[in-house]
Amino acid sequence: MCSTGGPIDVELDEGLKGKKYRCNDCGAVFEAVGRHPVCPSCQSENVTEV
Amino acid sequence: MRVPLSCGYLLIRGESSFFLVARAPDTFALPIETNDAEVFQGVHRGDLIVVSAPEGGDPEQARMLCELVRTYRQPMVVLPKGHPGSSRLRMVISVAPAIMPKADIIRGTHPDQDVICSSGELSGLGMAADGECVCIEGFDPNRMEYLLFPPGPLSL
Ligand SMILES: [Zn+2]
């Protein structure tokens, strides 16, 4: 991700198009970008696209 | 070229720009906040965290930026296109197993994780995580140098 960044700021002209995933370990549903999503609640990599 | 890098930093610098390279110590979800949504990028243990300073600057600033991501998992806030604050942001950060700098992309416009904006002098320098090392392709000792630092503030 080429993100113009100060400590906390990025700029993305094309916006961020994430895909929705469900964590198979804790059930959390979240949106993620990138090829290898990680659950934000329990940090599990055992997730399925929904 | 393979450079060993555990939890310290690798500074690669040219005449007027630099990269600071570090590795992610753990696997985690990095939050990215937009004005109306939250998305997460998966960061994996050993992934490279690269801060690029196309116009140069203080490498210590880059180190802090790197730590905000890899240690503190500081959420990144996305500015909408054309935001007046964008021009104040001088350093960019990228997280991926392999990163290819490019000078010919418009800063902040490339959501592809494995590309980072750079100056012309450092474009074409490929970086990839390889076990406890960073593999660097295209390193030209006549035009650039590299320095290794232990964890903690950089002693330059
Ligand atoms: Zn989970």
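User: Is R73(B) buried or exposed, or partly exposed?
Analyst: R73(B) has a relative accessibility of 30% and therefore counts as partly exposed, given that buried means under 20% relative accessible area, exposed over 50%, and partly exposed in between (1.4 Å probe, protein chains only). Please keep in mind that this is a predicted model, in which local features need pLDDT of at least 70 and side-chain atom pairs count only at pLDDT 80 or more, while totals for chains, interfaces and linings use all residues. Residues are numbered from 1 along each chain as its sequence is written, chains are lettered from A and ligands numbered from 1 in the order in which they are written, and side-chain values use heavy atoms, with hydrogens and water left out.

User: Where does R73(B) lie in chain B?
Analyst: R73(B) lies in the loop between α1 (59-70) and β7 (76-79) of chain B, where helices (H or I, at least four residues) and strands (E, at least two) are DSSP runs numbered from the N terminus. The phi of R73(B) is near 50°, a positive value although the residue is not a glycine.

User: And what about the phi of Q43(A)?
Analyst: Q43(A), which is not a glycine, has a positive phi of about 65°, and this residue is found in the loop between β4 (29-33) and β5 (47-49) of chain A.

User: Switching to the metal, which residues are the protein donors of the zinc ion?
Analyst: The zinc ion has C23(A), C26(A), C39(A) and C42(A) as its protein donors, each through SG and lying 2.3 Å from the ion; donors are N, O and S atoms within 2.8 Å of the metal (3.2 Å for Na, K and Ca), and water is not among the atoms, so sites may look incomplete. Along the chain these donors follow the spacing C-x2-C-x12-C-x2-C.

User: Why is the arrangement around the zinc ion tetrahedral?
Analyst: The arrangement is tetrahedral because the 4 donor atoms subtend angles of 104 to 115°, and four donors count as tetrahedral if all angles lie between 85 and 135 degrees.

User: Is C23(A) buried or exposed?
Analyst: C23(A) counts as buried at 2% relative accessibility, whereas C26(A) is partly exposed with a relative accessible area of 40%, and C42(A) is partly exposed at 33%.

User: How many disulfides are there over all chains?
Analyst: The count comes to 0 disulfides over all chains, where a disulfide is a pair of cysteine sulfur atoms within 2.5 Å. For C133(B), the closest cysteine sulfur is in C135(B), 7.3 Å away, which is too far for a bond.

Note on methods:
Tetrahedral: all angles 85-135°; square planar, octahedral: opposite > 155°, others 65-115°.
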